[in-house]
Amino acid sequence: MAAQHQEWNSQMAFIMAMIGSAIGLGNIWRYPYVLYSNGGGAFFLPYVISIVCMAVPYLFLEYAAGYNFKTSLPNMFRKVQSKFEVVGWFICLVPFLILTYYVVIVGWDLIYFFLSFNHGWGANPNSFFTDTLLHSTSSLSGLGDVILPILGSLIVLWLIIWFISHKDLNDGIGKYSKVLIPSLMIIMAVVVLIAVTLPGASIGYNALFKPDWSLVLDPHIWLVAAGQIIFSLSLGWGVVSTYASYLPEGTSLVKNGIIVTIANCGFELFTAIGVFSILGYMSSIHGVPIGSLVNEGTGLIFVAFPSIFNEMGAMSYIIAPLFFLCVLFAGITAGKESIMKIILET
């Protein structure tokens, strides 16, 4: 097994790879919506408790499993009990299925990155996204349509993923994580700093953090908080244990786990401030309640934000490409190469 012959050549390579597997589209398009719609500032109570009592112990458990067995996920289960090997194979299947649709969304973002330089989505971003780009239709005949721009972007992304995942551990995932993750954080910092200076930005982030303490006693909020942190840290996919299987002896698992957790949670909170600052700007110039602008998923990234960029004037030609570049970097680093590594190791 490759995992028995390779090791991370530095703690930085491992930490950057782990941060990359954690930081993804969910930090940008899901967390702000979850925070706002589940009590605002009050959401931090179940969120922090979920981190301390569930996510961090779970993260340490996966670290320990990979660090101890130093092999692929199915083999880890087989060493515990031979009949459990099928569980490991099933876990490998789940992230692979996720990868097949996740990479499509990143492919859309690659297209939007180039469109952002001249607002190529036009005056009606919703129509452009659903009709022009996706060719959406209720007819089954649409299943056979080949959309060349999307096909081209997918080919580019699959080649990037293949190139990184098939290289030596440190020359591939380790090397590119050390470049992409700091770049992602720097670009996002620029986006957020620009966003918070926009007129009306305070409307957005004040709405984001306004606490609704009545929701703290709602069990649903606690389930949402637990689900968000598990999703965000990529727990239960085999990514963490696979990366940990390459750790050299004497590595401090606890210290590395805490660094990764803080970096992931800090990034998604920082990003939420930027996202809601931009939404606040839109709310102020059109007099639209912030609640009617809040969305998650593709609607936020490919419809709401292009609509906002259309209203921002010259500044949008700076912030829009940076924003879609952030999404692209987050998408590429968020477990794509690690999922491919899991598949290769099995």
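**Figure 1. Aromatic pairs in the predicted model.** The count of aromatic pairs comes to 26, in a model that is predicted. One of them joins Tyr 112 and Trp 121: the ring centres are 5.9 Å apart and the planes meet at 15°, so this pair is stacked. The cut-off for stacking is a plane angle under 30 degrees. Tyr 112 has a relative accessibility of 0% and therefore counts as buried. Trp 121, at 2% relative accessibility, counts as buried.

**Figure 2. The ring pair of Phe 129 and Phe 302.** The ring centres of Phe 129 and Phe 302 lie 5.3 Å apart with their planes at 15°, so the pair is stacked. Phe 129 belongs to helix 6 (residues 125-133) and Phe 302 to helix 13 (residues 298-311), so the pair ties together parts that are 173 residues apart in sequence. Are Phe 129 and Phe 302 buried or exposed? Both Phe 129 and Phe 302 are buried.

**Figure 3. A cluster linked by ring pairs.** Ring pairs join Phe 129 and Phe 302 into a cluster with Trp 108, Tyr 112, Trp 121, Phe 128, Phe 305, Phe 309, Phe 323 and Phe 324. The stacked pair of Tyr 112 and Trp 121 therefore belongs to a cluster that also includes Phe 129 and Phe 302.

**Figure 4. A charge over a ring.** The ring of Phe 231 has the charged end of Arg 30 sitting over it. The distance from the charged end of Arg 30 to the centre of the Phe 231 ring is 5.4 Å.

Figure 5. Asn 256 is part of helix 12, which covers residues 253-286. With a relative accessible area of 0%, Asn 256 is buried. Which residues does Asn 256 touch, not counting residues up to four places away in sequence? They are Gln 11, Phe 14, Ile 15, Tyr 63 and Thr 251.

**Figure 6. Ile 258 in helix 12.** Ile 258 is also placed in helix 12 (residues 253-286). Its relative accessibility is 41%, and Ile 258 therefore counts as partly exposed; the band for this term runs between 20% and 50%. Val 56 is 202 residues away from Ile 258 along the chain, yet the C-alpha atoms of the two are separated by 7.6 Å.

**Figure 7. Asn 264 and its contacts.** Helix 12 also holds Asn 264. The relative accessibility of Asn 264 is 0%, so this residue counts as buried. Neighbours within four places in sequence left aside, Asn 264 is in contact with Ala 22, Ile 23, Asn 27, Ile 229, Ser 232 and Leu 233.

**Figure 8. The salt bridge.** Side chains of opposite charge can pair when their charged atoms come close. How many salt bridges does the structure hold? The structure holds 1 salt bridge. In this bridge the side chains of Arg 78 and Glu 85 meet, at 3.9 Å from N to O. Glu 85 has a relative accessibility of 24%, so Glu 85 counts as partly exposed. Arg 78 is partly exposed as well, with a relative accessible area of 39%.

Definitions and conventions:
Residues are numbered from 1 along each chain as its sequence is written. This is a predicted model: local features need pLDDT of at least 70, side-chain atom pairs count only at pLDDT 80 or more; totals for chains, interfaces and linings use all residues. Side-chain values use heavy atoms; hydrogens and water are left out. Rings of Phe, Tyr and Trp (its six-membered ring) pair if their centres lie within 6.5 Å; planes under 30 degrees apart count as stacked, over 60 as edge-to-face and the rest as tilted. Buried means under 20% relative accessible area, exposed over 50%, partly exposed in between (1.4 Å probe, protein chains only). Helices (H or I, at least four residues) and strands (E, at least two) are DSSP runs, numbered from the N terminus. A charge sits over a ring if NZ of Lys or CZ of Arg is within 6 Å of the ring centre and within 35 degrees of the ring normal. Contact means heavy atoms within 4.5 Å. A salt bridge is a side-chain nitrogen of Lys or Arg within 4 Å of a carboxyl oxygen of Asp or Glu.
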